Amino acid sequence: MNAASLILKKRNGFTLTNAEIDFFIDGYVKGQIPDYQASALLMAIYFQGLDKRETVALTRAMIASGDTIDLASIPGIKVDKHSTGGVGDKTTLILAPLVAALGIPVAKLSGRGLGHTGGTIDKLEAIKGMRVELSQQELVKQVKKIGIAIAAQTGEIVPADKKLYALRDVTATVENKSLIAASIMSKKLASGADAIVLDVKYGDGAFMKTTKDAFELALLLTEIGNGMGKKTVALITGMEQPLGNAIGNALEVKEAIETLQGKGSEDLLELCTELAIQMVLLSGAGKNESAARKKINEALQTGKAFDKLKEFVKAQGGDTRHVENPELLPQAKYSHKILSFQSGYVKMILAESVGNAAMILGAGRMKKEDAIDLSAGILLHKKIGDAVKRGDALATLFSNDKQKFKASEQLLVNAYHFSKRKIKLNPLLIGKVSKGKRTFFEDVRDLK
Ligand code: URA
């Protein structure tokens with residue numbers, strides 16, 4: 001077996017055997033297969049695809065490239081959650097304490113981010129003193145004690161994905177459903193949860209641009225999860241504009257805190273509630289959707305979820321004063337308001353452009369070595385459907401470097417599109433995939 005013959009086979013549209021897929025992943029992780037051959041194979045896969053059996057084999061081979069986490073000693077059903085990514089997505093910061101407050105154990109491994117903003121781990125580091133590098137023993141011990149821990153993924157979990165994802169990122173081979181599914185599910189399955197809730201995004205700010213593609217990806221992801229004995233459901237949700245109002249690490253932490261205090265933006269609260277419902281149902285902590293919803297609303301309204309956030313921050317060495325008073329979180333030296341040139345209704349906010357505008361301000365990384373400015377980012381004051389008058393503030397930019405405002409402003413202004421007429425908002429929640437069945441929620445069949 002050799003890499004060149006695998007590339008040729010896939011390029012010509014044939015399927016690879018499980019042994020060939022194992023050979024590729026093992027050889028690539030060990031450095032025996034060079035980047036140029038791996039890139040060629042990824043591009044052949046991008047064009048020719050992988051069938052379901054090949055995708056499952058790839059997922060298994062990727063899991064086998066590293067360690068798996070054992071959470072079996074933690075009592076209860078551990079439910080993990082994953083989002084396929086989007087701009088302003090701070091749901092983990094809200095969901096984890098919210099479901100933990102209902103007695104569902106949360107033992108979560110999260111990543112740092114490449115792209116518009118940092119990942120959950122970077123965001124948590126905006127809270128002074130927060131320790132995110134936990135050993136497996138520490139993670140398990142903390143979950144047994146207080147029901148929640150979030151730690152940085154270590155290098156030993158799915159090293160194949162680390163290497164492959166970095167290569168895909170620079171070879172235009174990210175947006176292939178099989179590669180995305182194997183990448184996501186290998187990490188989720190290696191992380192030891194008993195059940196998984198997936199938030200599969202569609203829209204301008206997502207990998208999947210149409211609901212059709214998002215449903216297909218959701219089917220593949222759930223099939224892999226269920227096939228490997230983990231109950232897996234997926235919600236299909238919109239990323240037609242950034243989620244919530246804040247984009248940027250400390251700004252997102254502040255918005256997450258506000259949401260747990262019942263003061264967050266509506267779309268963010270709606271999405272977190274729906275994802276939490278699925279987590280409650282999979283954990284067995286709620287009989288049906290309405291019972292789960294009631295419990296979730298109660299945890300938010302009574303402050304139980306917010307208290308759990310404080311308990312979690314304290315357990316990981318964070319300064320809880322920053323949670324009680326988010327003004328203490330890192331603040332940028334400079335801010336700059338973007339005013340609207342026109343009147344009308346906001347019709348579209350290109351999420352990807354807003355993400356890039358935040359990255360220019362210092363909120364994200366272009367390369368993994370880049371440093372993040374935790375205080376940098378954007379606060380949106382207008383979202384789709386809002387009425388705008390000429391001169392109204394659309395957004396505020398934050399950065400420690402004034403020079404960055406000009407390029408960021410340009411992107412942000414171009415991200416906003418207006419209509420003279422009132423806009424009918426597309427629903428945030430498009431549908432669900434569970435047990436191989438897709439369900440569309442009302443009124444959304446005519447979406448692209
Ligand atoms: N998120 C991942 O973890 N992997 C992908 O390939 C795409 C999104």
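Reply: A polar side-chain atom of Lys187 sits 2.5 Å from an oxygen atom of the ligand. That is a polar contact, meaning a pair of N or O atoms within 3.5 Å. Arg168 also reaches a ligand oxygen: an N or O atom of its side chain is 2.9 Å away. Ser183 faces a nitrogen atom of the ligand instead, with a polar side-chain atom at 2.6 Å. The residues around the ligand are Tyr165, Arg168, Ile180, Ser183, Ile184, Lys187 and Phe207. Each has a heavy atom within 4 Å of the ligand.

All of this is a predicted model, where local features need pLDDT of at least 70, side-chain atom pairs count only at pLDDT 80 or more, and totals for chains, interfaces and linings use all residues. Residues are numbered from 1 along each chain as its sequence is written, and side-chain values use heavy atoms, with hydrogens and water left out.

Next, the helices. Helix 8 covers residues 159-169 and packs on helix 2, residues 18-29. Helices here are DSSP runs of H or I with at least four residues; strands are runs of E with at least two; both are numbered from the N terminus. The axes of helix 2 and helix 8 are 9 Å apart, at an angle of about 85°. Axes are lines fitted to C-alpha atoms, for helices over the stretch in contact, and angles run from 0 to 180 degrees between N-to-C directions. The two helices are therefore roughly perpendicular (65 to 115 degrees). Helix 2 brings Phe24, Ile25, Tyr28 and Val29 to the contact (heavy atoms within 4.5 Å). Helix 8 brings Ala160, Lys163, Leu164 and Leu167. By class, that contact has 7 nonpolar residues, no polar ones and 1 charged.

Strands pair if DSSP finds at least two bridges between them. Strand 5 (residues 231-238) and strand 13 (residues 429-434) are antiparallel over 5 bridges. Ala234 stands opposite Val433 of strand 13.

Another open sheet has 4 strands in the order 6-9-11-7, with antiparallel pairing.

Note on methods. Angles under 35 degrees count as roughly parallel, over 145 as roughly antiparallel, 65 to 115 as roughly perpendicular and the rest as oblique. Ala, Val, Leu, Ile, Met, Phe, Trp, Tyr, Cys and Pro count as nonpolar, Asp, Glu, Lys and Arg as charged, and the others, Gly among them, as polar. A polar contact is a pair of N or O atoms within 3.5 Å; within protein, one must be able to donate a hydrogen and the other to accept it, and residues adjacent in sequence count only if both atoms are side-chain atoms.
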